[in-house]
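Here's a walk through the model you have open, one piece at a time. Keep the viewer handy and follow along.

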Amino acid sequence: MSDIFDKYEPVIGLEVHAQLLTKSKMFCSCAHAFGAEINTQICPVCSGQPGSLPVINQEAVNLGVRAALALECEIHEESIFARKNYFYPDLPKGYQISQFERPFCTKGKVEAILKSGESKWIGVTRIHFEEDAGKSVHAQGGTMVNLNRAGVPLIEIVSEPDMRNSQEAGQYLRALHSILRFAQICDGNMEQGNFRCDANISVRPRGQEKFGTKIELKNINSFRFVEKAIDYEIARQIECIERGEKLVQETRSWNSAKNMTEVMRAKEQAHDYRYFPEPDLPTLVISSSWIEEIRSEMPELPSAKRQRFISQYALNAYDAGVLTGSKEVAGFYEEAVAKTGNSKATANWVANELLGRLNAAGKDIGDSPVSVDHLAELIAAVEGGKISGKIGKTVFEEMFETGKSPSAIIKEKGLVQISDPAALETAIKKVIAANPSQVADYKGGKDKLLAFFVGQVMKETKGQANPALLNTLVKKVLDSLP
Amino acid sequence: MTTFRKAGVQDLLEGYQRKEFKPSEVVSGTMAAITQLNPELNALLETRSEEVSARAKDLDARMGEASKLPLFGVPIAIKDNILVRGWKTTAGSKALQNYVSPYTGTCVERMEAAGAIVIGKANCDEFAMGSSNENSAYGPVKNPWDSTRVTGGSSGGSAAAVAAGLVPGALGTDTGGSIRQPASLCGVVGLKPTYGRVSRYGVIAFASSLDQVGPFGRSVWDTARLLEVISGYDAKDATSSRGVVPRYTEALALPSADSLRNINIGIAPEWMEGLDPEVKKSFDAAIETAKGLGAKIVEVKLPHAKYALSVYYLIAASEASSNLARYDGVHYGTRSKKWDSLEELYSRSRGETLGREVKLRIMLGTYALSAGYYDAFYGKANQVRRLIQRDFDEAFSKCHCVAAPTSPTTAFRLGEKMEDPLTMYLSDIFTLPVNLAGLPGLSVPSGVDSKKLPIGLQLIGRLFDESSLLQVAHAYEKARGPLSHPPWKGDR
């Protein structure tokens, strides 16, 4: 394939719809909890009753501005809402309130970290507010509409056509997802449709400035699918051009069962949305003092957090990266450190043991059976010499399986480390008595056998012996033998 | 039994305070008058006698509040494009034939809180589109002065109900003259407030940037009382003004209110050309009366007002094409029985239920907003709209209000202009610019023509200065003296 990419250059731009974490809808005071009973979160406004009017949700504007700050956009003091007109049963007013000619912010950027470790800045053309549509529910006897989602606040984040392959697109999307989650703008749940992606893809001969024919891919609901769909579409378009066919501008969708894109709508079926300024809403004014207020409440973003972890907790870049992979992991780590006071040991336990185990179990940190308190207690037990590191891992495994506290497990299984020299000496003497030939060999100069005796005593004490103390004592007892 | 037909808002309030009668007695009289006269007038569409009687009885028990509630026991008609919970709201359209309001509009909520009794929903042109009330799916309203003639529109039912004495006051809506023109043609007072003065929440939108709710009364005082109740900021309407609402009726009670000594009234020569001679005569006489009260008359220029008709029909139709998209038979309203596809569901439901004029304006507006035409039509119209606003700004640097005829003619015959929409549209040439500029406008009767048909004087004010309009109209009304009433047909 490498030669074909010498000949053609793919051009990709992404449009992301992110649901804002507000308590109420964009233009009315209805709640919008996911999974509520059908048509219970509706009112005259979001169900498009005659005479109802929209009112801008200030909380949604706050979150939008937060997104604009996080993506380093230029925020416009004045922006206007516009109506996008089309008929569809999930759109009760016959138009969607959005922003068109004058969005509230433009010209931002997102840093995508590529697998090579290099970073690429992807331009953000604009972010604008809009309301979600309802959902068609296909049931026996016909199609019904659930309006619970109608009017839910969204921001649409439109990227520049800066991406050249699926990896760049995927990494841009992951970075964006992480920023929105960190800044508590959007919960990022892709299965629930709270973070949705459309991709615009075209291919042009390398060196040509003009873009090729644009294909729009709609509603792709996972990072993997976005990458797969883009790869598929690039290959399809190149094949098309190579065969001498003319590509037609159209909208396609990703069929994840068939692993291919399919035509949704041809250009002739494209809507004329007849945008015009929403006369029911005044100009949205975002003053600089309002922006500053939002800036001061801005949660820490992923890159800043990573840097802080490196300097504050003396972590290496890799661990800092792992521990700031999500807001929840970072929060878990910081809480644990506050309790243990040992940033490196805690980093080790969280990054390697806990995340590794969660990953293997297919769980998120939010569902961790091991609580911050329990993990901190375990780390303290190991670091304080109450149990050995090795026993610690056994205890951790038990904690993960049962959710019990480490002290309960240690007590239950009698795993407390033996640091009493008298008790250890008894065990050592027992081992010496049972292994006369090895004692003779040791005495004959085979120093390496020391490890054998340590191992045997460890076995005798069911691994509970304090390893450092044990080493000293074994040597002392053996050396004191005649 | 008295029908209370001649009692105005003020008369009723005074009567209640003197405990001369109770709300249920007034309502019984009103209902009797409606039963007797409405079948011919067709002014009211729905009346719900049980609910209305219950409400009146409730107020009977609260007679002690008569002096506190500004509309205690006053029967009111509400134009049928304003929602009142439990009442049908059809907007004069088949598309909403069986639509029962799930909530109450803010203006009605305020009236009810003030003690008013909603007595009926008033007929109107379909979705408030029309100047004769002949576009209602429920038949035209007849002018109480001459039942072969139109009431004007689109708030024809509200104007006729007040003129015929079915109710002392009513609410209408005015997008391009829909309160003032029927007020003029029916010989009552009608006021279109400044855009933003009255909440539009619960008012079926025709053209959102122009629509405004306003009152009808048989006197300026009655109109002022209704206005002060319905005005003011509403958190449910983002375009409503946070400005403080003056106590309009208190200002009218001041002795100084009878003089126009410090008032400058502007007249635009552009508007005096080609007027019906009888309308012109009445206007000139009204101006003479104002002069006699001490008003100074100044000449103002409104050079862009002549574009108002074109500008209005582009802006109003564009907004309407979007506002009326929801009447598609999917979620509520009338759905066609014959459809096999989604597209057919839409086209048949809308095709079968929307009237000719409404379809015409939807098509015009859809075209004006289409890709490639937006700048030339909607965009350009908005530019000219600003020029019209600027004309008025300039005029108001010289005067407190601008006077003009409300309508170029008196009530025309039913059917006379139905086949010629352009002639019909010309009925509103003096009222349209006022909506485009967002200004308040009032129509007060200035006499009758030789056919005994009423003529209206329009006063146009500065933004949020309804007070001046009411004061000038009130002083004029007093000086003019009682109007010869429409024949109080069937009065007992």
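**A sheet, a contact between chains, and a core**

Let's start in chain A, where helix 2 (residues 58-70) lies across strand 2, strand 6 (105-113), strand 7 (119-131) and strand 10 (153-159), running at about 165 degrees to strand 7 of chain A. Helices (H or I, at least four residues) and strands (E, at least two) are DSSP runs, numbered from the N terminus. Axes are lines fitted to C-alpha atoms, for helices over the stretch in contact, and angles run from 0 to 180 degrees between N-to-C directions. This is a predicted model, where local features need pLDDT of at least 70 and side-chain atom pairs count only at pLDDT 80 or more, while totals for chains, interfaces and linings use all residues. Residues are numbered from 1 along each chain as its sequence is written, and chains are lettered from A and ligands numbered from 1 in the order in which they are written.

Those strands belong to an open, mixed sheet of 9 strands in chain A, in the order 2-6-7-10-1-11-12-13-14; two strands pair if DSSP finds at least two bridges between them. Strand 2 (74-75) and strand 14 (260-266) of chain A are at the edges with a single partner strand each, so one side of each has no neighbour in the sheet. Further in, strand 12 (residues 215-220) and strand 13 (residues 250-255) of chain A pair in the parallel sense over 4 bridges, and A:Leu217 sits opposite A:Arg252 in strand 13 of chain A.

A:Leu217 also turns up among the residues that A:Ala199 touches, along with A:Ile12 and A:Val226. Together with B:Ile76 and B:Ala161, A:Ala199 touches the most other members of the largest nonpolar core, which has 222 residues. Such a core is a set of buried Ala, Val, Leu, Ile, Met, Phe, Trp, Tyr and Cys residues joined through C-beta atoms within 7 Å, buried meaning 20 or more other C-beta atoms within 10 Å of a residue's own, with C-beta atoms placed from the backbone. Helix 10 of chain B gives the most to this core, 9 residues.

Now for where the chains meet: 32 residues of chain B are in contact with 25 residues of chain A, contact meaning C-beta atoms, placed from the backbone, within 7 Å. On the chain B side, helix 10 (308-323) and helix 12 (356-369) each give two or more residues, and helix 10 of chain B has the largest share, 3 residues.

How values were computed
Contact = placed C-beta atoms within 7 Å. Buried ≥ 20, exposed ≤ 12 C-beta atoms within 10 Å, placed from the backbone. Lists of a residue's contacts leave out its neighbours within four places in sequence.
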